[in-house]
Amino acid sequence: MARNSIGKQFSITSFGESHGPMVGSVADGFPSNATIDLDHIRYQMNRRRPGQSSLSTDRDETDDFSLVSGVFEGKSTGAPITFLIPNTDARSKDYSQLKDIFRPGHADYTYQAKYKNRDYRGGGRSSARVTAGWVAAGAMAESYLKEQLGIEIIAYTQSVGAISCPPLTAPTKEQVDAHAVRCPHAETAEEMQQYIEQLKAHGDSIGGTINCIIKNVPAGLGEPVFGKFNALLAQYMMSINAVKSIDIGHAKNLLKTGSELSDEPGNAGYWNTKENKNNGLLGGISTGETIAFTLGFKAPSSIAKAQTAFDSDFNPISLEINGRHDPCVLPRAIPIVETMCASLILDLYLESKTN
Ligand SMILES: Cc1cc2nc3c(=O)[nH]c(=O)nc-3n(C[C@H](O)[C@H](O)[C@H](O)COP(=O)(O)O)c2cc1C
């Protein structure tokens, strides 16, 4: 496993397993003398933590973290910053049924095939538990970008199954958090919640989409030709568990002609377009306009409803999973999306200063 780090100028190294003593991250390259916004880190950790509502797994982790290096008197020193997040509510015995079974749709078989060795407790390293460390480091980056450059990153649940909310251009984090499902459109949020709860009651789960809107990114971020903003965004986002697709603003334009896609200039005197049809990115470099994208998440595969699985000899067996699982990952994935975006943007911002 030699790819547990991401980023060049600002990098995050992830470590830990779902039922080991802890998960965490080491963030390297964070600018020195910056105040560490512990409240914002705590806020994003709380939005990600399990056990936060009837729509998330019942595993009850407080996700208290310790910051054990790289900070002196509340400010970054320029040294690597390490976050430790203990696992306090792992119930490993719930997973003993999975010791010799490969869950359909989970990473059990591929980890076994690759490493010939598998921590089956809570999915081990393949669990989204490890994203707690990414969120801690990324939330620190998010505060820095907001303070230094005014960058705003807002994600929200756009659809659950076939239920989707009307297009929104400027929801606030408060509006997003007003409902457990994290859809800022109240009526749709209610419908989504009922649908998830109905499926959960039947031992089932569901996926959907998250929209993310990034404002005030300065022009010039992104490194052609293999470090394009959109290429790296896809890497950061597709590293998040259960993400199966990314649309960086163009799917709706695929049937349009060149003239229909012509991006007419807006106000004179600086670069801006009337409709931002290229979604704030040209040639893999930010234009200074808003960047928006949509991620597709699959339904979690660990469900109580009976499924047919392979055992370790590849014989089919009936499986009803009895651990604690999320019926829909979207509400908890929102802070992961936002903070991973922040980590990428900080990396590209610091890199742009070296050009
Ligand atoms: C926040 C979050 C929570 C998740 N919770 C669960 C869960 O409770 N049960 C489950 O089977 N998968 C869950 N997943 C998805 C699995 O981690 C993921 O499907 C698995 O690692 C296989 O990887 P893949 O779907 O990316 O191929 C979750 C994902 C996220 C982002």
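This is a predicted model: local features need pLDDT of at least 70, side-chain atom pairs count only at pLDDT 80 or more; totals for chains, interfaces and linings use all residues.
**Entry 1. Loop between β11 and α6**

I started at Asn 216, which sits in the loop between β11 and α6. Here helices (H or I, at least four residues) and strands (E, at least two) are DSSP runs, numbered from the N terminus. Residues are numbered from 1 along each chain as its sequence is written, and side-chain values use heavy atoms, with hydrogens and water left out.

I looked up the phi of Asn 216 and found it positive, about 70°, although the residue is not a glycine. Asn 216 is partly exposed, with a relative accessible area of 44%. The cut-offs are under 20% relative accessible area for buried and over 50% for exposed, with partly exposed in between (1.4 Å probe, protein chains only).

Pro 218 lies in the loop between β11 and α6. Contact here means heavy atoms within 4.5 Å. Neighbours within four places in sequence aside, Pro 218 is in contact with Leu 149, Ile 151, Ser 286 and Gly 288.

Val 225 has its place in the loop between β11 and α6. The peptide bond from Pro 224 to Val 225 is cis, and I noted omega near 0°.

Which residues of α6 are buried? I listed Phe 229, Leu 232, Leu 233, Ala 234, Tyr 236 and Met 237. The cover over the buried residues of α6 includes β1 (5-6), β12 (243-247), β13 (281-282), β14 (285-286), β15 (291-297) and α7.

The axes of α6 (residues 229-238) and α7 (residues 330-352) come within 10 Å and cross at roughly 140°. That angle makes α6 oblique to α7. Axes are lines fitted to C-alpha atoms, for helices over the stretch in contact, and angles run from 0 to 180 degrees between N-to-C directions. Angles under 35 degrees count as roughly parallel, over 145 as roughly antiparallel, 65 to 115 as roughly perpendicular and the rest as oblique.

I recorded the crossing of α6 and α7 as right-handed. On the α6 side the contact is made by Phe 229, Leu 232, Leu 233, Tyr 236 and Met 237, and on the α7 side by residues including Met 340, Leu 344 and Leu 348. By class, the contact of α6 with α7 has 11 nonpolar, 1 polar and 1 charged residues. Ala, Val, Leu, Ile, Met, Phe, Trp, Tyr, Cys and Pro count as nonpolar, Asp, Glu, Lys and Arg as charged, and the others, Gly among them, as polar.

**Entry 2. Helix α3 and its partners**

Helix α3 (residues 131-149) has 19 residues and spans 26 Å from first C-alpha to last, close to the 27 Å expected at 1.5 Å a residue. The expected span is 1.5 Å times one less than the number of residues. I found 15 of the 19 residues of α3 buried. Gly 150 follows α3, with a positive phi near 70°.

The axes of α3 and α7 come within 7 Å and cross at roughly 60°. α3 and α7 are therefore oblique to each other. The crossing of α3 with α7 is left-handed. A crossing is left-handed if the near helix is turned anticlockwise from the far one by less than a right angle, and right-handed if clockwise. Among the α3 residues that meet α7 are Trp 134, Gly 138 and Leu 145, and α7 brings residues including Ile 336, Thr 339 and Tyr 349. I counted the classes in the contact of α3 with α7 as 15 nonpolar, 4 polar and 2 charged.

For α1 (residues 38-48) and α3, I have a packing angle of about 140° and axes 8 Å apart. α1 passes α3 in a right-handed crossing. His 40, Ile 41, Gln 44, Met 45 and Arg 48 make the α1 side, and the α3 side includes Val 135 and Ala 139. The residues of the contact of α1 with α3 divide into 7 nonpolar, 4 polar and 2 charged.

**Entry 3. Two other loops**

Is Asn 253 buried or exposed? At 5% relative accessibility, Asn 253 counts as buried. Asn 253 is in the loop between β12 and β13 and, residues up to four places away in sequence not counted, touches Leu 261 and Lys 277.

Phe 314 lies in the loop between β16 (307-311) and β17 (316-319). I noted a positive phi of about 65° for Phe 314, which is not a glycine. Phe 314 counts as partly exposed at 42% relative accessibility.
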